[in-house]
Amino acid sequence: MKVPMSARRVKDIMASKIMLVLTLAAVALIFFMVAGLYFKSRPILASQPLSELFFSSRWRPFRGEFGFLSFIMGTVWVTGVAVLIAVPLCLLTSIYLSEYANSKVREWVKPLIDILAGIPSVVFGVWGMLVVVPFIKDVVAPFAGVFSTGYSILAGGIVLAIMIFPVIIHVSLEIFRAVPQEVREASLAVGATRWQTIKHVVMRKALPGVAAAVVLGISRAFGETMAVLMVVGNVAKIPHSVLDPAYPLPALIANNYGEMMSIPLYDSALMLAALILLLVVLLFNALSKMILIRVQRSIR
Amino acid sequence: MDYQTHISVQNLNVHYGNQQVLKNITLNIPDRKITAIIGPSGCGKTTLLKSFNRLIDSVEGVKISGRVLVDDENILDPKTEVTHIRKKMGLLLQKPYPLPMSIYDNVAYGPRIHGIKNKKRLDEIVERFLKKASLWDEVKERINQPASMLSVGQQQRLCLARGLAVEPEIILGDEPTSALDPQSSQRIEQTFVELKQDYTIVIVTHILRQARRMADYVVFLYLGELIEHGPAWDIFNHPKQALTREYIKGLIS
Ligand SMILES: Nc1ncnc2c1ncn2[C@@H]1O[C@H](COP(=O)(O)OP(=O)(O)OP(=O)(O)O)[C@@H](O)[C@H]1O
Ligand SMILES: [Mg+2]
């Protein structure tokens, strides 16, 4: 007996088809963005060799010289400082939450940390200008015996570190919780202390996953614009210390796009900067996802 | 005073939250024998075993009262330092959980924790206890490979060697053969029988035939209560309690 398709089933099929299309559209979007940026940056890629673009720090748009090195170094320094600050703090936090805190504390703190991820980055920027920048100017720089306006890589790094806390803590906490309780018991049972167990067993088992969490954090840090731009000083020079100002790539794009467009090749240069950012972030994201998938398979 | 066994349990009560899991257990575990804890699922066998080395400490919301004497020391006393208690007991779990390191490092883990650094001594210890767990011949060529590459049965023997390497007097096993194939189970059983000359062994098992094969002494738990305990032969042939009789006949499980 042939049953006519019920409205229920039609809806079901349509829903799944629509979702499929939307998913494909999202994937296609990334592809089109990469293609579009590449297309737009072709003029600058044609005008000078890659080595000149990436390894020269001469940034004189009026003379047609576009050396990205200062900006690349600015991004690397700020990201590096942020990671150096964030990783130990996040590790200790997630170890505490996973291994020492009872489940009540854990269930309370987890959402609070995730809320941190939802705060608009301008807010972090303002906080950085009001608190971090003066602190560096009045305390850190005199202590180090140098002059600084406070607008520096360190300021950017601190603000950025706080912004990537949630993702690193969240992911590494999940990894630590995925380590089976029995593995801990096996270590405790031979007379190891809790800390020895964490150090020799839990951490070792969780290491690749934690690495993935950090890579994910880095990729967040890499592209973060607003908050960093507000505190980092934006001076296009290769920095030599964390108290120097810097000019990261995202800030370059945000500050200049739409303003200096009369200069030939300028918009193409900015598109190239955007392309670099996008590719690096995609790469790091893919890398961390790959590690995470492998970890989840192997941890049990 | 009469003779005190290695492990002596006196009026032990354990609660998880509001649920009482062990009810007033009093029991002496005989030395240098194999004691089997039997009983239906959920009756508190694992809980009893883990209160011997205080691994239930890590369960949230657990409340314990009573005394567990190990060598005349009440290990439930909060002042008792727990790592040296645990060092006295090797533990085998239902499934083998090798530590994420090489075969060698697994066995050397405990001794290293307790301060042995001398490479030669560690080599010696590793070889001795892998032999004792009858694993040496199978792994001596690849002692530095990750422990996860061993078969499940080999892993369980590795875990035994890891437990033995801190020179405990007692071996605890929580259904140590339940994840193993019949042949590997048999090897573990054999090893246990060999080891009982030197160690006090307590195993949890839900396989009655295994208890019959191995046990010298049997403890029967039911819903958290100690129903009956005594020499294996008596329990299996002349159980005093009706419940024990029914369980042994396989009427309750
Ligand atoms: N972490 C825990 N939190 C709360 N209740 C628990 C916990 N672990 C065990 N229980 C409960 O305590 C009781 C005894 O558990 P236990 O694991 O000691 O039983 P068992 O005899 O070992 O069972 P099995 O033969 O299934 O392993 C069970 O009712 C169980 O549901
Ligand atoms: Mg159990």
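Which polar side-chain atom lies 2.5 Å from an oxygen atom of ligand 1? One on B:Thr46. Keep in mind that this is a predicted model.

Let's stay with the ligand. B:Ser41 also reaches it with its side chain: an N or O atom there is 2.6 Å from a ligand 1 oxygen. B:Gly42 uses its backbone instead, with an N or O atom 2.8 Å from an oxygen of ligand 1. How much of ligand 1 does the protein cover? The figure is 62% of the 630 Å² of accessible area that the ligand has on its own.

Now the shell. The residues around ligand 1 include B:Tyr16, B:Lys45, B:Thr47, B:Val59 and B:Glu175. By type, four are nonpolar, six polar and two charged. Strand S2 (19–29) and helix H1 (45–52) of chain B each give at least two shell residues. H1(B) has the largest share, with three.

Next, the interface. Here 22 residues of chain B are in contact with 21 of chain A. The two chains bury about 1800 Å² between them, and 63% of that is on carbon and sulfur atoms.

On to charges. The count between the chains is one salt bridge. A:Glu185 and B:Lys50 meet in a salt bridge, N to O, at 3.1 Å. Polar contacts come to four residue pairs. On the chain B side, helix H2 (82–87), strand S6 (89–92), helix H3 (103–113) and helix H6 (152–164) each supply at least two residues. That side divides into 11 nonpolar, six polar and five charged residues.

Technical notes: Residues numbered from 1 in each chain as written. Chains lettered and ligands numbered in written order. Predicted model: local features only at pLDDT ≥ 70, side-chain atom pairs only at ≥ 80, totals over all residues. Heavy atoms only, no water. Near = heavy atom within 4 Å. Polar contact = N/O pair within 3.5 Å; in protein donor to acceptor, adjacent residues only side chain to side chain. Areas by Shrake-Rupley, 256 points an atom, 1.4 Å probe, with all protein chains shown as cover. Helix = DSSP H or I, 4+ residues; strand = E, 2+ residues; numbered from the N terminus. Nonpolar A, V, L, I, M, F, W, Y, C, P; charged D, E, K, R; others polar. Contact = heavy atoms within 4.5 Å. Buried area = accessible area lost by both parts, 1.4 Å probe. Salt bridge = Lys/Arg side-chain N within 4 Å of Asp/Glu carboxyl O.
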